[in-house]
Structure formats: C-alpha cells, structure tokens
Amino acid sequence: AEPASDSPWHEIGRALRSQGVAATAGVETTIELLEFGCRVITIAGREVRPRIGKSYELLAYLATKRGAPADRNELLEALFGERRDESARAYLRQALHRLREALGEDVIEVGNRRWSLAADVGVSSESVRLERQLAEAARLQGDDRLQATLQALEIYDRGEYLPGPRANWADERQQHLSELATEARYQAAVLALGAGRYDESRRLVGEVLREEPLREAAWRLAMRIAAALGNDDRVLSAYRGCEDALAELRTSPSASTRQLLERLRR
C-alpha cells in the first residue's frame, strides 16, 4: 500500500526474498570446487584434475542439488542440451567415471540411473557458498549485514562463472548468480548510504547500474547519494542518466523518481 517504491516495507520485502537458501553448512568441507575465474577442484587444499573437462560441470551441477539426486535424463539435458544420443550418454558416463576416479568412489552415489553427492562427504562449491552467505547476510541488520554482504560478493567478483566452453545450464546458472549478486550489491549500497559511507555507496550503485542500467531504484539511490554529498549537479546527472536508459524502452522515469528529483532540488 506504500505509494513510494523505496519505502521501508519494500526494503523488508527485498530482505525476505533474499532468504530462500538454507544457511546451515552441514558436514565439514574436504572437497572444494572453485568456479569463479577458474575451474579447479581441491581435496584438502590439493588440486586434483579429472581427465575430462565435463567432469567440472557435472560436479558443479550436483553441488547445486544440495544432496538431492539427479537422474540421467536431467543430467543429459543440463550438460548436453538437445543431444540425447548414445555418444552423449557415453560421454556422461565417462565424465562420471573420471570424476569418481579423481575424488574417490564414495563421493558420488550411483543407483538406478540417479546420481548424488554423498551426504557424509563434505563437498563445497563457490557458487553454492555464495548463495548461502548472501542468505545468511540477509538475516542480519545494519553494519553486520553490510560487511557480510561485501564479504560474500568477493566470491562472485573473482571472475566469470565456469570460464570457457560450457553448457546452456551453466549459462543459465551464470545469469542467476549475476542477478543475485546485483541485487545484493544494490542492498549493500543502500546500507552504505544509511551508514554514511557515501563513497562506498556510490561505487556500489555504479556497479549495479553497469550491470542493470534499467534498474530505476538504483538511479534513485544514486540521486540520494549525490544529495547526501551536497552535489546538485550529480543529482540532476543521475536523473538524466535514468531518462536516457529508460528512453531505450520508449518510456520515462516514474512518478516516484520525478518526485524525488523535486524534493532533492528544493
């Protein structure tokens, strides 16, 4: 019922939306998959290299299941798309074989064409850890939440997700993680502004707008940051930037954004 788009109720809603991931870690990690900026698997800190590149994507996919099994058809669709021929099935079997060879036979449970990570073996992937840490951060408030969010974003900022040739599933996973990180970065910018950390807030919202120039709430935040710094020119510049971005969709800033400009320029 709030007429404005940046009310405290909207902030609560965004915080609750960020809490859909289980925050408990479970078994102590011994196997780790590094996914951002590289493809690396380590066991107790020592790198192991499966002999088939698809094994990395297979482990990444199974990690997202968080212990739930994936059947063969699901894995074929995720890792090979439309290919369901014998060649794809054979390649999937080889990827599984080489992954179990590198990690140990007991790490991946296989039964009736359903595969899952063993519950008693600690396997961690960077992307799953990113989701968990952002969910944990969303349960905090104030400076604690800001610091936890920035720490989680350090994972995402290490580089592209599973760089190199990858399946459509990995592209979709990258898009999901990008949206998650951008939303978290926006929330961090809001928190930084509230804490009086204006330069940090401006940097964060600038990164948000580079990823999502059509996010009108981020342009309003940029306007508020400029006003907090006493820079009227930047207030207007942020509004003009919003106008230019939305013009590509043949639309214009909302009433909330126009009213904010009027209030800040009084």
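Contact here means heavy atoms within 4.5 Å, and helices (H or I, at least four residues) and strands (E, at least two) are DSSP runs, numbered from the N terminus. This is a predicted model, in which local features need pLDDT of at least 70 and side-chain atom pairs count only at pLDDT 80 or more, while totals for chains, interfaces and linings use all residues. Residues are numbered from 1 along each chain as its sequence is written, and side-chain values use heavy atoms, with hydrogens and water left out.

**Overall make-up**
- The chain holds 11 helices and 7 strands.
- Of its 266 residues, 45% are buried, that is, under 20% relative accessible area (1.4 Å probe, protein chains only).

**Nonpolar cores**
- A nonpolar core is a set of buried Ala, Val, Leu, Ile, Met, Phe, Trp, Tyr and Cys residues joined through side-chain atoms within 4.5 Å; the largest has 45 residues, among which I41 and L58 touch the most other members.
- Helix 2 gives this core its largest share, 7 residues.
- Beyond its neighbours within four places in sequence, L58 is in contact with L75, L79, L92, A95, L96, L99 and W115.
- A second, separate core has 28 residues, including L204, V208, L209 and L261.

**Helix 10 and helix 11**
- V235, Y239 and C242 in helix 10 meet T257, R258, L261 and L264 in helix 11.
- The axes of helix 10 (residues 232-247) and helix 11 (residues 255-264), which come within 10 Å, cross at roughly 165°; axes are lines fitted to C-alpha atoms, for helices over the stretch in contact, with angles from 0 to 180 degrees between N-to-C directions.
- Helix 10 and helix 11 are therefore roughly antiparallel to each other, a term for angles over 145 degrees.

Technical notes:
Buried < 20%, exposed > 50% of the residue type's maximum accessible area, 1.4 Å probe, protein only. Parallel < 35°, antiparallel > 145°, perpendicular 65-115°, else oblique.
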